[in-house]
Amino acid sequence: MTLPAALEPEHRFSRLRESLGRHARRAHRARSLTAEGRLVRMVGLTLEAEGVQVPVGGRCRVVSAGGSELEAEAVGFSGDRVFLMPVGDISGLTPGARVIPTHHAREAGVGEALLGRVLDGAGRPLDGGDAPDCEARVPLNGRSINPLARRPIREPLDVGVRAINGLLTVGRGQRMGLFAGSGVGKSVLLGMMTRYTAADVTVVGLIGERGREVNEFVQNILGPEGMARAVVVAVPADHPPLMRLHGAMLATSIAEYFRDQGLNVLLLMDSLTRFAQAQREISLAIGEPPATKGYTPSVFARLPQLVERAGNSDRGQGSMTAFYTVLTEGDDHNDPIADAARAILDGHVVLSREIAESGRYPAIDIEASISRLMNEISDPGQIQAARLFKQVYATYQRNRDLISVGAYQRGADPRVDAAIEYYPRLEEFLQQDMREKVDFRDSLKALDALVGEDEEGGK
């Protein structure tokens with residue numbers, strides 16, 4: 001077929017446009033050139049690479065000549081060298097290994113498919129099942145929320161523990177810390193709140209703890225009923241520090257997702273101290289100078305970045321109540337991490353080794369514990385009853401030595417006499433078996449009954 005001479009230029013231009021369009025689409029689909037680097041140094045867990053172009057927080061594949069491969073994340077740089085931290089086993093790496101940027105964003109898969117699953121810090125299943133088919137992906141670092149846009153905390157939360165419900169009332173959306181040394185019962189108390197707290201979804205982060213505790217927590221503490229509405233992120237102590245950091249961030253991202261879906265979420269993280277220690281390991285490895293007892297400044301910058309993600313959101317009616325355990329090394333409640341955590345949390349429950357050794361569990365030190373929101377979410381009658389309880393308890397503790405050795409004579413001080421009379425009942429109120437659930441209403445009834453007797457006795 002021969003085109004008229006007048007149409008030949010237009011036909012030629014049309015074919016040229018089509019050809020240019022095809023080439024443009026191919027160029028758009030084609031991957032840009034990637035600047036690879038090579039591994040030049042490895043000290044401890046820190047890898048140093050030259051020639052690679054990757055931002056801080058970006059991921060790389062490190063491929064050795066022998067074929068071994070691992071993933072690493074950029075955590076810093078100096079001049080033309082990039083510091084990488086591995087997220088897996090470093091055995092098999094060789095000098096000169098290829099370092100290839102992956103351009104993968106730090107994201108987490110989230111969705112209802114995660115309910116009932118146990119994951120590692122990278123979101124991979126640990127329970128033997130298939131990879132969860134997540135319906136959405138969210139940034140691992142979360143998103144910042146305007147503090148003026150957050151919904152205020154107005155509703156108390158039933159945690160199933162009488163002492164906390166009655167004397168340290170927690171609000172829905174509050175962030176609390178459990179402060180204790182090793183072996184004092186913080187994991188048991190955390191397990192009680194896991195089973196008994198009224199929440200739609202429970203997210204548990206087991207960060208840097210013993211591997212034995214993971215299966216114990218899933219099988220004995222949560223059980224089949226609890227796991228049906230729970231997600232567990234487990235990164236034991238033998239995992240690289242970067243994975244421990246990511247485990248805490250992943251658990252928080254999952255909790256944020258369910259909160260933004262309008263659900264009431266309970267986030268339990270054991271422990272905040274191990275998160276801080278992981279950051280310390282990373283920062284010291286890349287040369288950051290220590291500031292306080294070996295902890296670097298970046299540790300104290302990371303803690304509020306993680307904790308501030310909890311709480312109520314600016315979207316919908318969902319809530320996210322968080323409990324973080326804080327390990328006080330050597331029972332020093334003023335160590336740097338414990339001190340920093342108290343400043344950024346909305347209250348703290350202190351567990352005492354002395355009380356635990358006396359046989360009373362949970363070993364809550366009522367005098368040293370506080371809920372900063374209790375006065376805003378509790379009615380005046382409960383506040384007055386809790387104040388009177390603490391006054392009588394403190395009076396007995398101040399005179400405990402005199403009473404124990406028989407140096408105190410009855411009648412010398414009416415307040416001490418009342419404290420001696422009521423102290424056994426105060427101890428009974430504070431004690432609770434780990435298999436016993438006491439709801440919020442029963443907790444207040446028991447407190448009112450106890451304080452009512454005290455007031456009548458005072459009259």
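Ala72 stands opposite Pro86 in strand S5, in a predicted model where local features need pLDDT of at least 70, side-chain atom pairs count only at pLDDT 80 or more, and totals for chains, interfaces and linings use all residues. Residues are numbered from 1 along each chain as its sequence is written, and side-chain values use heavy atoms, with hydrogens and water left out. Strands (E, at least two residues) and helices (H or I, at least four) are DSSP runs numbered from the N terminus, and two strands are said to pair if DSSP finds at least two bridges between them.

The pairing that places Ala72 opposite Pro86 belongs to S4 and S5 (residues 81-86), which are antiparallel over 6 bridges. These two strands form a hairpin with 2 residues between them, and Gly79 in the turn has a positive phi of about 65 degrees. S4 (residues 69-78) is also joined by 5 bridges to S3 (residues 59-63), again in an antiparallel arrangement, and here Ala72 of S4 is the bridge partner of Cys60. The hairpin of S3 and S4 has 5 residues between the strands, with Gly67 taking a positive phi near 105 degrees. Cys60 counts as buried (under 20% relative accessible area, with exposed meaning over 50% and partly exposed in between, for a 1.4 Å probe and protein chains only), because its relative accessibility is 0%. Cys134, by contrast, counts as partly exposed because its value is 25%. A search of the whole structure finds 0 disulfides, a disulfide being a pair of cysteine sulfur atoms within 2.5 Å.

An unreviewed UniProt entry lists residues 172-356 as "domain: AAA+ ATPase"; such annotations may be inferred rather than shown by experiment, and the positions are given in the numbering used here. This span is 46% helix and 21% strand, and its end C-alpha atoms lie 28 Å apart.

An open sheet of 8 strands with mixed pairing has the order S8-S14-S13-S15-S16-S12-S17-S18. Strands S8 (118-119) and S18 (370-371) stand at its edges, each with a single partner strand, so one side of each is left without a neighbour in the sheet. S8 pairs in the parallel sense with S14 (residues 230-235) over 2 bridges, and Leu119 has Val233 in S14 as its bridge partner. Strand S16 (residues 319-327) is largely enclosed by the rest of the structure, because 9 of its 9 residues are buried. In a regular strand the side chains alternate between the two faces of the sheet. Both faces of S16 are covered, with Ser319, Thr321, Phe323, Thr325 and Leu327 buried on one side and Met320, Ala322, Tyr324 and Val326 buried on the other. S16 runs parallel to S15 (residues 264-270), to which 6 bridges join it, and Leu267 stands opposite Ala322. S12 (residues 175-180) likewise pairs with S16 in the parallel sense over 6 bridges, where Phe179 has Val326 as its bridge partner.

Helix H6 (residues 272-285) has 14 residues and reaches 20 Å from its first C-alpha to its last, close to the 20 Å expected at 1.5 Å a residue, the expected span being 1.5 Å times one less than the number of residues. Among its buried residues are Phe275, Ala276, Ile282 and Ser283, and just after the helix Gly287 takes a positive phi of about 100 degrees. In the loop between H6 and H7 lies Thr296, which counts as buried because its relative accessibility is 0%. The side chains of Thr296 and Ser283 are joined by a polar contact of 2.6 Å. A polar contact is a pair of N or O atoms within 3.5 Å, of which, within protein, one must be able to donate a hydrogen and the other to accept it, and residues adjacent in sequence count only if both atoms are side-chain atoms. Arg302 lies in H7 (residues 297-307) and counts as partly exposed because its relative accessibility is 23%; the C-alpha atoms of Arg302 and Ala276, 26 residues apart along the chain, are separated by 7.8 Å.

Helix H13 (residues 414-430) has 17 residues that should span 24 Å at 1.5 Å a residue, which agrees with the 23 Å between its end C-alpha atoms. At the start of H13, a side-chain oxygen of Asp413 reaches to within 3.0 Å of the backbone nitrogen of Arg415.
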